[in-house]
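Subject: Structure for you to look at

Hello,

Here is the structure I said I would pass on. My notes on it follow below.

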Amino acid sequence: MTNNHITIGILAHVDAGKTTLSEAMLYSTGQIRSLGRVDHQDAYLDNDAQERERGITIFSKQAVFSMGDMEVTLLDTPGHVDFSAEMERTLQVLDYAILVISATDGVQGHTRTLWRLLKHYNVPTFIFVNKMDMQGTNAEKVQAELRSELSDGCVDFSSQDLFEELAMCSEPLLDEFMESGELTDAHIAQAVAQREVFPCFYGSALKLDRVETLIQGLSRFMCERN
């Protein structure tokens with residue numbers, strides 16, 4: 001067993017489902033036995049009285065779980081703009097981030113602010129588009145918005161043309177794809193670490209839909225950073 005240790009922060013515009021995804025990930029990795037909910041005031045990480053009363057995360061919290069041969073520290077950060085200073089302090093210690101976006105709301109003002117901060121602190125970022133169980137959501141529409149509003153490097157990792165889309169994100173990936181017709185996990189992980197690729201996953205944290213897929217994606221495409 002290796003001693004890989006990675007710190008991941010979960011960030012989002014308020015009400016995108018950030019704490020719900022934290023709960024779902026902790027549940028899916030066996031760290032907690034029952035799913036708490038912010039609106040039920042029993043979320044594992046929202047344990048401060050003010051947070052439970054207001055139904056929002058105010059203070060950055062952490063939980064530790066294992067993912068393959070990695071030990072992961074998961075930080076749930078405040079989403080409300082009033083507490084953004086607390087969130088920004090957290091960014092400085094992250095190896096990776098998960099940016100949660102509501103499928104019903106798309107890229108919002110605070111989402112753009114978070115994206116600029118992630119770029120400023122050079123944090124490799126995975127994206128989880130949440131609330132896909134809500135009526136009227138459209139993954140293709142959200143994906144187009146992510147590419148236009150955030151980065152061309154936002155790639156839907158459920159795409160049937162995944163390798164082709166990834167190959168357009170960096171010269172090394174393009175060279176490898178042209179030569180072999182496929183891409184290795186290690187080279188994809190390297191492109192993610194260099195912020196050339198931003199893996200996108202779609203699902204519903206509340207329904208545990210595709211949360212396991214996100215966890216598998218993190219396990220495959222993260223690498224220990226110096």
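A salt bridge joins the side chains of R112 and E149, with N and O 2.9 Å apart. R112 is in helix 4 (residues 109-120) and E149 in helix 5, so the bridge ties together parts that are 37 residues apart in sequence. R112 is partly exposed, its relative accessible area being 30%, and E149, at 35%, is also counted as partly exposed. Please keep in mind that this is a predicted model.

The count of salt bridges comes to four. One of them pairs K18 with D76, whose closest N and O atoms are 2.9 Å apart. K18 belongs to helix 1 (residues 18-28) and D76 to strand 3 (residues 70-76), so this pair ties together parts that are 58 residues apart in sequence. K18 is buried, because its relative accessible area of 7% is under the 20% limit. D76 is buried as well, at 0% relative accessibility.

Another salt bridge is formed by the side chains of R220 and D185, at 2.8 Å from N to O. This pair links distant parts of the chain, with R220 in helix 9 and D185 in helix 8 (residues 185-193), 35 residues apart. R220 is partly exposed, with a relative accessible area of 48%; D185 is partly exposed too, with 30%.

Next, helix 5.

Helix 5 covers residues 139-149, and V142, Q143 and L146 are buried in it. These residues lie on the same side of helix 5, because the arc they cover around the axis is only 100°. On the other side of the helix, E140, K141 and S148 are exposed. What do the buried residues of helix 5 pack against? Their partners are strand 4, strand 5 (125-130), strand 6 (154-156) and strand 7 (198-202). The N-terminal end of helix 5 is capped by N138, which has a side-chain oxygen 3.0 Å from the backbone nitrogen of E140.

Then the nonpolar cores.

The largest nonpolar core contains 43 residues, and L21, M25 and I98 have the most contacts inside it. Helix 9 (residues 211-221) supplies the largest share of this core, five residues. Which residues does L21 touch, leaving aside its neighbours within four places in sequence? L21 is in contact with I10, I98, V100, F128, A205, V211 and L214. Another core lies apart from the largest one and has 23 residues, including L11, A97, V123 and F198. In soluble globular proteins, nonpolar side chains tend to be buried together.

The last item is D95.

D95 sits in the loop between helix 3 (84-91) and strand 4 (96-102). Is D95 buried or exposed? D95 is buried, because its relative accessible area of 16% is under 20%. The side chain of D95 reaches the backbone nitrogen of T7 at a distance of 2.8 Å. D95 and M222 are 127 residues apart along the chain, and 9.2 Å separates their C-alpha atoms.

Regards

Definitions and conventions. Residues numbered from 1 in each chain as written. Predicted model: local features only at pLDDT ≥ 70, side-chain atom pairs only at ≥ 80, totals over all residues. Heavy atoms only, no water. Helix = DSSP H or I, 4+ residues; strand = E, 2+ residues; numbered from the N terminus. Buried < 20%, exposed > 50% of the residue type's maximum accessible area, 1.4 Å probe, protein only. Polar contact = N/O pair within 3.5 Å; in protein donor to acceptor, adjacent residues only side chain to side chain. Core = buried A, V, L, I, M, F, W, Y, C linked by side-chain atoms within 4.5 Å. Contact = heavy atoms within 4.5 Å. Arc of directions from axis to C-beta.
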